[in-house]
Amino acid sequence: MLAETDLMIRGALIGVCFLCFILLWSNGRTRAKSYSLGAIALCLTASMAVEQGMGTVWSADARAVAFVLGHFMPLALSWFVLDVFMEAAERRRSGLPLFCLAGLVTALCFAPPQLGGVQVALNLLLYAGLLWVVVTTAEGDLVEHRRSFRVVFVSAIAVFGVSKTLLDVSLADALRPDWYGTAHAVALLAFAIVFAHWALRPGSDIWTEEKPRPKPQAGDLRLVDKPALDRIETAMRDEIWRREGLTIGAMAEELGLPEHRLRKAINRDLGFRNFASFVNGYWIDAAKAALAEPERSGQTVLEIAYECGFASLAPFNKAFRTVTGQTPTDYRRTCLKEYASISA
């Protein structure tokens, strides 16, 4: 009876994961971010089959493929976290170390048993890294549904991921009770159902990429908080963005607005999903203006980066190239060449 119940639970878990993936993939607005969920569903299916013998009727080759795919879960989970909780610019800056760690954890799954302790340590380090990404990017997150989902995800990773890793190490296969695998599947199914609620709820914008848009005009005020937008525009014109360490909370206090109202105005009405991206846009505009001025041609790129709010040259170069498609040096050279041709 326990085996039949276990199979039903695992089947339901796999079904919920693939249903979420198919529904997100079928929508053009959410398709780009659905693939990481599809990877998790595929790895989970393979892992469930291998753990509980669901694939015993499969051919030897199919079981071998399932065994390999199941071990790619660390990479799939890392891809999912970066996709959901970070915007494209953040992923480019911070994603590589996490992916390298996930790749190492995956590789160690195929290593000799003597390296099991190293694998566990790196697995826990990976979970810590995932938690670090989710927690440290929360402050500037402007997407309401994603902010609330962070709490659920952190709880699931901290309680389920870490505890299962430790239990798997401390309990040998022969010592695990019969209900251990079922309890594991029930916990995963509960999380999958909660996840589906956030992923598929009407109006959820977790799965779309950031697309900044111009400030709405007078004829587009049905859903626009015009008083808040006017205060934002005035503050940015007065260069509040130059203030060192500016946070969404500090800006809300300066503007005399509740923080949730400021977040909604910048997200819903201006199209930004991350406060840092919103502020960085003003930094880049200021840098473009400075680099294009012939009178400032003697100033170094690093000096201009510092002046515009960047702490070092590398993030400035990356951010500038992301927005303009050119390095700051190439942009300056092009602008000064155009100015010289006009002045000649």
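Colleague: Which residues form one aromatic cluster?

Modeller: Phe80, Phe85, Phe149, Phe153, Phe191, Phe195 and Trp207 form it. This is a predicted model, where local features need pLDDT of at least 70, side-chain atom pairs count only at pLDDT 80 or more, and totals for chains, interfaces and linings use all residues. Residues are numbered from 1 along each chain as its sequence is written, and side-chain values use heavy atoms, with hydrogens and water left out.

Colleague: How many aromatic pairs does the structure hold?

Modeller: It holds 18. Rings of Phe, Tyr and Trp (its six-membered ring) pair if their centres lie within 6.5 Å; planes under 30 degrees apart count as stacked, over 60 as edge-to-face and the rest as tilted.

Colleague: What makes phenylalanine 80 and phenylalanine 195 an edge-to-face pair?

Modeller: Their centres are 5.6 Å apart, with 65 degrees between the planes. Phenylalanine 80 is in helix α4 (residues 73–85) and phenylalanine 195 in helix α8 (residues 180–200), 115 residues apart. Helices here are DSSP runs (H or I, at least four residues), numbered from the N terminus.

Colleague: Why does phenylalanine 80 count as buried?

Modeller: Buried means under 20% relative accessible area, exposed over 50%, partly exposed in between (1.4 Å probe, protein chains only). Phenylalanine 80 has 4% relative accessibility, so it counts as buried. Phenylalanine 195 is buried too, with 7%.

Colleague: Why is the pair of phenylalanine 320 and tyrosine 331 called edge-to-face?

Modeller: The ring centres of phenylalanine 320 and tyrosine 331 are 5.3 Å apart and the planes stand at 75 degrees, so the pair is edge-to-face. Phenylalanine 320 lies in helix α14 (residues 313–324) and tyrosine 331 in helix α15 (residues 328–343), so the pair ties together parts 11 residues apart in sequence.

Colleague: Are these two residues, phenylalanine 320 and tyrosine 331, buried or exposed?

Modeller: Phenylalanine 320 is buried, at 0% relative accessible area. Tyrosine 331 is buried as well, at 15%.

Colleague: What sits over the ring of tryptophan 25?

Modeller: The charged end of arginine 31 does, 4.5 Å from the ring centre. The rule asks for NZ of Lys or CZ of Arg within 6 Å of the ring centre and within 35 degrees of the ring normal.

Colleague: Where is aspartate 269, and what does its side chain contact?

Modeller: Aspartate 269 is in helix α11 (residues 259–269). Its side chain and that of arginine 268 are joined by a polar contact of 2.9 Å. Such a contact is a pair of N or O atoms within 3.5 Å; within protein, one must be able to donate a hydrogen and the other to accept it, and residues adjacent in sequence count only if both atoms are side-chain atoms.

Methods:
Helices (H or I, at least four residues) and strands (E, at least two) are DSSP runs, numbered from the N terminus.
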